[in-house]
Amino acid sequence: ASGIALAADLAADAARRGLSPLLVFMTDGAANIALDGAPGRPRAEADALAVASRIRIAGWPSLLFDTGLRPDPRAARLGSALGATYAPLPFARSQTISDIVRVQMNSM
């Protein structure tokens, strides 16, 4: 959740400067630390989803690469909360990621 919050802050700063942010997240979807630093998956996931909604509401385009060995419903939920394009990539290669990001940037 804290990483998503930092990304939202960076995107807001970029937007204020007239830039068009594109947020890219790489995760297995298994949030484990809440915003206040407390451990525990249920609260950490709830915090991550709540912060993610800030990005969706702001309308910033985003991509979420699910890096788990199998597509994970938690990562898909996070992608949905972000309003992100969701891409399961269990064996992500840098070229594949770069190609997907480039396509997204060209469609902005």
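A salt bridge is defined here as a side-chain nitrogen of Lys or Arg within 4 Å of a carboxyl oxygen of Asp or Glu. The structure is a predicted model, in which local features need pLDDT of at least 70 and side-chain atom pairs count only at pLDDT 80 or more, whereas totals for chains, interfaces and linings use all residues. Residues are numbered from 1 along each chain as its sequence is written, and side-chain values use heavy atoms, with hydrogens and water left out.

Seven salt bridges are present in the structure. One of them joins the side chains of Arg16 and Asp13, with an N to O distance of 3.8 Å. Both residues belong to helix α1, where Arg16 and Asp13 are three residues apart, about one turn of the helix; helices (H or I, at least four residues) are DSSP runs, numbered from the N terminus. Arg16 counts as exposed because its relative accessibility is 63%, whereas Asp13 is partly exposed, at 32%. In these terms, buried means under 20% relative accessible area, exposed over 50% and partly exposed in between (1.4 Å probe, protein chains only). Asp13 and Arg16 are also linked with Arg17 in a network of salt bridges.

In helix α4 (residues 94-106), Arg102 and Asp99 are likewise three residues apart, about one turn of the helix. Their side chains meet in a salt bridge of 3.3 Å, N to O. Arg102 is partly exposed, with a relative accessibility of 43%, and Asp99 is partly exposed at 34%.

A further salt bridge connects Arg77 with Glu45, whose closest N and O atoms are 2.9 Å apart. This pair links distant parts of the chain, since Arg77 lies in helix α3 (residues 73-82) and Glu45 in helix α2, 32 residues apart. Arg77 counts as partly exposed, at 40% relative accessibility.

Helix packing was examined for α1 and α2. Two packed helices are described by the angle between their axes and the distance between the axes. Helix α1 (residues 2-16) packs with helix α2 (residues 41-58) at an angle of about 15 degrees, the axes being 9 Å apart; axes are lines fitted to C-alpha atoms over the stretch in contact, and angles run from 0 to 180 degrees between N-to-C directions. The two helices are therefore roughly parallel, a term for angles under 35 degrees. The contact (heavy atoms within 4.5 Å) involves Ile4, Ala5, Ala8 and Asp9 of α1 and Ala48, Val51, Ala52, Arg54 and Ile55 of α2.

Terms used. Parallel < 35°, antiparallel > 145°, perpendicular 65-115°, else oblique.
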